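I want to look through one protein chain and jot down what I find.

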Amino acid sequence: MIYLFIHQNFPSQYRHLVRHLADLPGNRVYFITQPNREEIAGVQKLIYRPKIPAVPRCHPYAVDFDIAVRTGTAVLNVLRHLKNTGIRPDIVVGHCGWGETLFVKDVFPDVPLLSYFEYFYHAHGADVGFDPEFSPGLDDDGPRLRIQNALGRLTFAVSDFGHTATRWQRSLFPAEMQARILTLHEGVDTETVRPDPAAWLRFGRGNLTLTRDNEVITFAARNLEPYRGFPTLMRALPQLLARRPHAHVVIVGGDEVSYGNAPGAGGSFRDLMLAEVGDAIDPKRVHFLGHLPYQAYLNVLQVSSVHIHLSYPFILSWSFIEAMAAGCLVIGSSTPAILEVLRDRENGLAVDFFSVDQICDRVDEVFAHPDRMQGLRDAARVTAIAEFDLWSRILPRWIALLDEVIAGRHATDLPPDAGLATRSGLR
């Protein structure tokens with residue numbers, strides 16, 4: 001089989017899948033992407049470079065759409081090159097959010113296209129306007145978001161089938177689109193992401209060492225921003241540190257912006273929140289680690305006493321599932337899609353996204369418990385394995401889905417044991 005994947009940031013959501021496919025005898029795997037240093041053995045990267053003007057030359061609503069067309073045409077050139085060299089994929093799989101899959105069918109009209117439909121925007125009831133401070137609802141949200149959603153609708157028209165990560169994300173799409181979008185997460189390797197009672201973390205000029213015996217409050221996001229609840233966490237710190245005089249807070253994440261707008265005054269959201277509450281927190285007990293190598297990030301989860309995970313009603317974060325797989329006691333916001341996985345007092349604790357007092361109360365409750373609620377930690381890992389384990393659940397469903405789309409059957413649902421159903425069959 002010849003598999004072609006498309007995503008601007010190789011390998012992103014398709015990391016585990018392309019590695020597995022490349023390991024199988026007889027397969028050829030190509031990946032169209034923008035330049036980066038990531039490599040996977042057996043996967044041939046094909047680079048595109050979209051030409052984006054420094055100054056937009058269109059209506060403000062259409063800026064992202066214009067960039068998407070330019071991105072799509074850059075990918076189009078790579079697709080034409082593939083075809084001219086005699087390569088015809090058996091299936092194309094790609095993220096539709098940046099225009100990369102817009103013109104696949106113009107080159108390979110008979111090749112099935114499986115598109116990733118990650119999110120469909122709404123002016124009310126989801127992320128837009130959820131946080132009046134940082135995401136205010138605006139009078140022009142409806143028209144602006146309608147144009148923003150046009151890209152997904154155009155791609156859907158040429159896609160044979162679609163996938164998205166959670167049932168809630170799927171529910172945001174119009175009914176006619178949901179009919180051909182399957183809910184299928186990327187999966188977590190729960191053999192790698194697992195509890196380690198002996199884990200330790202050392203950092204700082206004084207070589208501070210933290211283990212599971214310490215009171216360690218953790219928070220992790222790709223970037224420290226409102227969409228992932230960073231301002232709420234920061235506003236909770238003065239009270240948390242006062243209540244827990246021996247606790248350390250370990251914060252993982254960069255200072256860029258993944259979602260939403262940058263701070264109006266410039267700088268980062270970390271700068272903004274330190275200006276607001278920095279004088280009320282002890283810098284010797286609050287540790288900003290930035291982006292970490294993956295194993296160091298796992299060590300943070302493994303030494304965590306309590307892990308705070310907050311999110312707007314938005315895309316489910318990988319780190320949330322990884323925290324559960326690592327056996328963290330997760331305090332999560334009562335927002336979709338978190339509540340699709342987190343069940344309050346069964347496999348974690350739920351809090352109001354904006355409530356500093358609730359967060360502090362739940363942290364106190366965890367530390368007051370004789371074994372720091374070990375039962376909830378165990379249940380969190382059970383959930384991660386049962387619903388998101390890469391080898392026993394997710395990869396078998398991915399392989400079955402690819403086979404279905406290649407065969408043209410387009411099943412609207414696949415049983416958990418479809419396709420290669422055993423762990424040994426995927427090794």
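I start with a definition: helices (H or I, at least four residues) and strands (E, at least two) are DSSP runs, numbered from the N terminus. This is a predicted model, where local features need pLDDT of at least 70 and side-chain atom pairs count only at pLDDT 80 or more, while totals for chains, interfaces and linings use all residues. Residues are numbered from 1 along each chain as its sequence is written, and side-chain values use heavy atoms, with hydrogens and water left out.

**Entry 1: the whole chain**

I looked up the elements and got 13 helices and 15 strands. Next came the radius of gyration, which is taken over C-alpha atoms; the globule rule to compare it with is 2.2 Å times the number of residues to the power 0.38. The chain comes out at 22 Å, close to the 22 Å that the rule gives for 427 residues, so it is as compact as a globular protein of that length. Along its principal axes, the C-alpha trace spans about 65 × 55 × 40 Å.

How much of the chain is buried? I call a residue buried under 20% relative accessible area, exposed over 50%, and partly exposed in between (1.4 Å probe, protein chains only). Buried residues are 53% of the 427.

I also checked contacts, meaning heavy atoms within 4.5 Å. Of the contacts with a separation of 6 or more, 67% are between residues 24 or more positions apart.

For the surface, I used accessible areas from the Shrake-Rupley method with a 1.4 Å probe, and for residues only the protein chains shown count as cover. The chain exposes about 18500 Å², and carbon and sulfur atoms supply 51% of that.

Then the charges: Lys and Arg count as positive, Asp and Glu as negative, and His and the chain ends are not counted. Each charge is placed at NZ of Lys, CZ of Arg, CG of Asp or CD of Glu. There are 42 positive and 48 negative charges, and their mean positions are 5 Å apart.

**Entry 2: the cores**

A nonpolar core is a set of buried Ala, Val, Leu, Ile, Met, Phe, Trp, Tyr and Cys residues joined through side-chain atoms within 4.5 Å. Which members of the largest core touch the most other members? I found Ile217, Phe230, Ile251, Ile308, Phe320 and Val363, out of 84 residues. Helix 7 (residues 230-243) gives the most to this core, with 7 residues. Apart from it lies another core, of 29 residues, with Tyr14, Val18, Ile394 and Leu401 among them.

I zoomed in on Ile251. Leaving out residues up to four places away in sequence, its contacts include Phe219, Leu224, Phe230, Met234 and Phe288.

A reminder to myself: most residues other than glycine have a negative phi, and most peptide bonds are trans.

Where are the cis bonds I noted? One runs from Phe10 to Pro11, with omega near -10°. Pro11 sits in the loop between strand 1 (2-6) and helix 1 (15-23). Another cis bond runs from Pro336 to Ala337, with omega near -5°. Ala337 belongs to the loop between strand 14 (330-333) and strand 15 (349-351).

Ser12 is in the loop between strand 1 and helix 1, and its phi is positive, near 45°. With 18% relative accessibility, Ser12 counts as buried. Arg372 also has a positive phi, about 55°, although it is not a glycine. I found Arg372 in the loop between helix 11 (356-368) and helix 12 (374-388). Arg372 is buried too, at 19%.

Is Thr155 buried or exposed? It is buried, with a relative accessible area of 0%. Thr155 is part of helix 4 (residues 141-158). Beyond its sequence neighbours up to four places away, Thr155 touches Cys96, Thr101, Leu102, Ser115 and Phe117.

Gly152 is in helix 4 as well and is buried at 15% relative accessibility. With the four-place cut-off again, Gly152 touches Cys96, Phe117 and Met177. From Gly152 to Leu102 I count 50 residues in sequence, and 9.1 Å between C-alpha atoms.

Last, Thr383 in helix 12. Thr383 counts as buried at 5% relative accessibility. Skipping residues up to four places away, Thr383 touches Met324, Val341, Arg343, Asn347 and Phe388.
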